Amino acid sequence: MLEISKLTSGYSEVPVLREVSITVGAGQFVSIVGPNGAGKTTLFKSISGTVSPMGGAIRFEGEDLLKIAPSDRPHLGIAHVPEGRQVFASLTVLENLEMGAFTEAGRKSWKTNIDKIFAWLPVLRERAEQLAGTLSGGEQQMLAIGRGLASAPKLLMLDEPSMGLAPAIADFIFDKLIEIRKDTGLTILLVEQRVAEALQFADHGYVLETGRVVLEGNSQALQADDRIRQAYLGM
Ligand code: ATP
């Protein structure tokens, strides 16, 4: 579904990512882990288009994504749930979800989609009329995920959904992702610093360090890898 080959990308001609190749098959759950500053967010921004790559290719369902305007990419079925959630603070929860449904697929499926989103994340129904800026961090993260789902995506990209959340809330969010994936078969690309959870739930994982993929494999192999166990799992 998503094929990133030899992607070099960064800011003001300074590469942050160097020749990164990552493949996400339809229906797969792929996690990208790595330390602060490795370039994980830059990778997501390159896919959604707020950062322009300097080299390499990104194909989505066979289409050359780099030839498609960033504003058109969500309409292909790519939803980016950004780091730090970035909900519209002065809009209500429901208005935020409506904003998410700006794609044609999102508009068409709004009525059934909103019921599903409320069933997965009931707190959003309870707080539908509340201003998003007054939600707790965990609730805002759920709203950001709900807003991504409202676009009826094929690929959901999540940038550190557990960031700044208490462990129990982060666990709840991971459980929800598993449930949503089980119910929908949605393709998920996750960036996380919580390496244990990110690998536990994924089919396949990549380790990104200082802008390069240094390790990849199926999640079981990665969880058993000595380098991962020592550097990321504290074993
Ligand atoms: P974190 O987990 O801390 O969010 P990350 O792996 O997502 O890290 P990025 O946010 O992609 O890493 O940052 C990678 C590098 O790019 C860092 O050295 C960062 O300082 C640099 N960088 C990020 N955004 C910009 C920008 N707008 N202009 C210049 N450099 C940037």
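You are looking at a predicted model, where local features need pLDDT of at least 70, side-chain atom pairs count only at pLDDT 80 or more, and totals for chains, interfaces and linings use all residues. Residues are numbered from 1 along each chain as its sequence is written, and side-chain values use heavy atoms, leaving out hydrogens and water.

Stop 1: Select the open sheet of six strands, ordered 6-7-8-3-9-10 with mixed pairing. Strands are DSSP runs of E with at least two residues, helices are runs of H or I with at least four, and both are numbered from the N terminus; two strands pair if DSSP finds at least two bridges between them. Strand 6 (78-81) and strand 10 (212-218) are at the edges with a single partner strand each, so one side of each has no neighbour in the sheet.

**Stop 2: the pocket.** Next, show P74, H80, V81, P82 and R147, which lie nearest the centre of the largest pocket among its 24 lining residues. A pocket is an open set of points on a 1 Å grid over the protein atoms alone, where a 1.4 Å probe fits, with protein on both sides within 12 Å along at least five of seven lines; lining residues have an atom within 4 Å of a point. Which strand gives the most to this lining? Strand 6 does, with four residues.
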